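Colleague: I'm new to this structure and I'd like a close look at a single part of it. Could you pick one and talk me through it, along with what surrounds it?

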Amino acid sequence: MLFLFKKSKKEEERMRKILSLFAVLASIIVLAACSSDRVLVVGLEAAYAPFNWSTPTKTEFTHELDGQPGVYVDGFDVQMAKEIAKQLDRRLVIKAIDWEGLIPALNSNQIDLIIAGMSPTEERKENVAFSEEYYRSEVVMVVHAQSDYLDATKLSDFSGVRAVAQTGTIYDDLIDQIPSVIHQESLATYSALATAVTSRSADVLVAELPVAQSLVALNNQLRMVRLTDGGFDTLEEDVTVAIALRKSDTTLLDEVNAVLATISIETRNAWMASALERQDA
C-alpha cells in the first residue's frame, strides 16, 4: 500500500527558508568569484627608475611581471598601481612593454592602464584619455662628473652642447630650446642615455628630476644640474605625469580619478622618496 504524507504548512515554510538561504549563499559565492576574477592590467616599461624598474628580488614593494617567472617590478608607479587595484577591488596584473608600444597595447586591449611616468601631451590625447596628474616634477640636465657644465644655472649656459634624450618623450622635444644645440639621435633606454654621457659621446641628457636623481645615485660618473636661473619653456603637460586609458573607458577613468583624490601629495612624495632609496640600494 502506498501512503502519501502531506507536509504541514510549518514544514513547507521551513523548507522555503532553507532554499532561500541556499540561494543567497550561492549568490554571494558567485559574486565573490566574479570579484576575484576582476583583473586590472597595467602596462609600464620596467626600465624607468624610480618610476618603475625590474628586479629579481621579491619584497613588500614589488609585484610579479606577467609572463616573466622570477622577475618582479618595483617603483613609484607600482605603488600607485597597487593602491588603485586595492581600492577598486581588482586583481593586479603588470606587464612590461617597451615605451613606444604602450599606447598601441592599450588601444588593442592588451592592458587597461598605462602607469609609466607618461606626460599627458596634446598629441597623446588624440589617441588616449588621461587621468588627473599623479606626480609633478621638473626638467633637469645630467652631465659627466668632470663636465664643464657642472656650474651651469640657465639654459643659455649649455649653448652648443651635444644633447640627447629618450625616444618618444617630451624631453627629446625640449632639446631644441638649447641655443645652438647639437641635437643627437634619441635613445630607447636610460641605461643607453647614461652610457652616452659617461662615454662622452654626448655632453648632456635631458630628463625629469626623479629619473635624474636615480641615474646619479647609481652612477658616480654622472651629476645632475638644475636650471635655477632660467630653464626650459615648459607647458603644464611637460612637468606632470598621468595615467592613460582608452577613451571609451569613461567609468574606469572616473574610478581612477576618485582613487587619486584619496592619495595626498605627502603620500605621493613619500612613495617617490622611498622608491629612490630602494633604487639606490
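Modeller: I'll take helix 2 and its packing against helix 8, then move on to other spots in the chain.

First, some ground rules. This is a predicted model, so local features need pLDDT of at least 70 and side-chain atom pairs count only at pLDDT 80 or more, while totals for chains, interfaces and linings use all residues. Numbering starts from 1 along each chain as its sequence is written, and side-chain values use heavy atoms, with hydrogens and water left out.

The protein chain has 9 helices and 14 strands (DSSP runs numbered from the N terminus: H or I of at least four residues for helices, E of at least two for strands). Of its 281 residues, 47% are buried (buried is under 20% relative accessible area, exposed is over 50%, and partly exposed is in between, using a 1.4 Å probe and protein chains only).

Now for the part itself. Two packed helices are described by the angle between their axes and the distance between those axes. Helix 2 covers residues 76-87 and helix 8 covers residues 250-260; they pack at about 110°, with axes 10 Å apart (axes are lines fitted to C-alpha atoms over the stretch in contact, and angles between N-to-C directions run from 0 to 180 degrees). The two helices are therefore roughly perpendicular (65 to 115 degrees; under 35 is roughly parallel, over 145 roughly antiparallel, and the rest oblique).

Who makes the contact? Helix 2 brings M80, E83, I84 and Q87, and helix 8 brings V256, V259 and L260 (contact means heavy atoms within 4.5 Å). By class, that contact has 5 nonpolar, 1 polar and 1 charged residues (Ala, Val, Leu, Ile, Met, Phe, Trp, Tyr, Cys and Pro are nonpolar, Asp, Glu, Lys and Arg charged, and the others, Gly among them, polar).

Leaving out neighbours within four places in sequence, Q79 is in contact with F61, D74, W271 and R278. V42, in strand 1 (residues 39-44), is buried too, at 1%. Beyond four places in sequence, V42 touches A81, L92, V93, I94, K95, I111, L113 and I115. In the loop from helix 2 to strand 6 (91-96) sits D89, which is partly exposed at 46% relative accessible area. Most residues other than glycine have a negative phi, and most peptide bonds are trans. D89 has a positive phi, near 55°.

W271 leads us to the aromatic residues. Y48, F51, F76, W99, Y134, Y135, Y190 and W271 form one aromatic cluster. Across the whole structure, a search finds 9 aromatic pairs (ring centres of Phe, Tyr and Trp, its six-membered ring, within 6.5 Å; planes under 30 degrees apart are stacked, over 60 edge-to-face, and the rest tilted). One of them is F51 with Y135, an edge-to-face pair at 5.9 Å centre to centre and 85° between the planes. F51 is in the loop between strand 2 (47-48) and strand 3 (52-55), and Y135 is in strand 8 (residues 129-136), so the pair ties together parts 84 residues apart in sequence. F51 is buried at 0% relative accessible area, and Y135 is buried at 13%. Y149 and F158 are stacked, because their ring centres are 5.3 Å apart and their planes at 20°.

That loop between strand 2 and strand 3 also holds P50. The peptide bond joining A49 and P50 is cis, with omega about 5°.

Y135 comes up again at V239, which touches Y135, R136, S137, E138, V139 and T234, leaving out residues up to four places away in sequence. V239 lies in the loop between strand 13 (222-225) and strand 14 (240-245) and is buried at 16%.
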